[in-house]
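Me: I want to learn how to read salt bridges in a model. Where do I start?

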Amino acid sequence: MIRPEEVFLIGKLGRPHGVKGEITFIFTDDVFDRADAEYLLLELDGILVPFFMEEYRFKSDETALMKFCDIDTQEQARRLTGAKVFFPRALSNSSEDGLSWSEIVGFSLMDAATGQLVGTIAQVDDSTINTLFDIHTPKGDNLLIPAHAELIEKVDAEVKTIWARLPEGILDI
């Protein structure tokens, strides 16, 4: 069984396109195109299920038309509408310097000055000029921490941890 920590979210499926089983794939990370992967994982009824890619073509920078093996009709594709799409971390070809924002969700964030755990990165908000980590703390609080490259001292993808020099007083907010 595939465990959630072995994958990362890269998008979701939209509506079917045409009658031959193609479906719109709205992605936040194009790792499926950069890495050598034959399949994507779809979350269906809470279970991660591998679907082998037959072919795909890009519609824009954020959408592709995806054709999965054995999904040959509009009705079969319609059953996949809304499914979250995940990618296996083991198949990602990113180096620690080149991890995508999607790949670091679930990583621990450590305060480099104190060595203490700040929390877990729940998501990365890059919708504005200042990218932020949305952190879930061990106490159950949520914090927004700047995700600026100058603050990040070390990334260890193997132990899924980022050490950052946090701005003074940010944990007191």
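Reply: Start with the rule. A salt bridge is a side-chain nitrogen of Lys or Arg within 4 Å of a carboxyl oxygen of Asp or Glu. Here, Lys67 and Asp72 form one, with their closest N and O atoms 3.0 Å apart. Keep in mind that this is a predicted model.

Me: Why can such side chains pair?

Reply: Side chains of opposite charge can pair when their charged atoms come close. This protein has 16 positive and 31 negative side chains. The centres of the two sets lie 7 Å apart.

Me: How many salt bridges does the rule give?

Reply: The count is 9 salt bridges.

Me: Is Lys67 buried or exposed?

Reply: Buried means under 20% relative accessible area. Lys67 has 6%, so Lys67 is buried.

Me: Which residue forms a salt bridge with Asp29?

Reply: Arg34 does, and the closest N and O atoms are 2.7 Å apart. Asp29 has 4% relative accessibility, so Asp29 counts as buried. Arg34 is partly exposed at 36%.

Me: What about Arg3 and Glu5?

Reply: Their side chains meet in a salt bridge, 2.7 Å from N to O. Arg3 is partly exposed, at 46% relative accessibility. Glu5 is partly exposed too, at 40%.

Me: Which residues are linked with them in a network?

Reply: Salt bridges link Arg3, Glu5 and Glu6 in a network.

Me: And what is the wider setting?

Reply: The protein has 3 helices and 12 strands. Of its 173 residues, 39% count as buried.

Key:
Residues are numbered from 1 along each chain as its sequence is written. This is a predicted model: local features need pLDDT of at least 70, side-chain atom pairs count only at pLDDT 80 or more; totals for chains, interfaces and linings use all residues. Side-chain values use heavy atoms; hydrogens and water are left out. Helices (H or I, at least four residues) and strands (E, at least two) are DSSP runs, numbered from the N terminus. Buried means under 20% relative accessible area, exposed over 50%, partly exposed in between (1.4 Å probe, protein chains only). Lys and Arg count as positive and Asp and Glu as negative; His and the chain ends are not counted. The place of a charge is taken as NZ of Lys, CZ of Arg, CG of Asp or CD of Glu.
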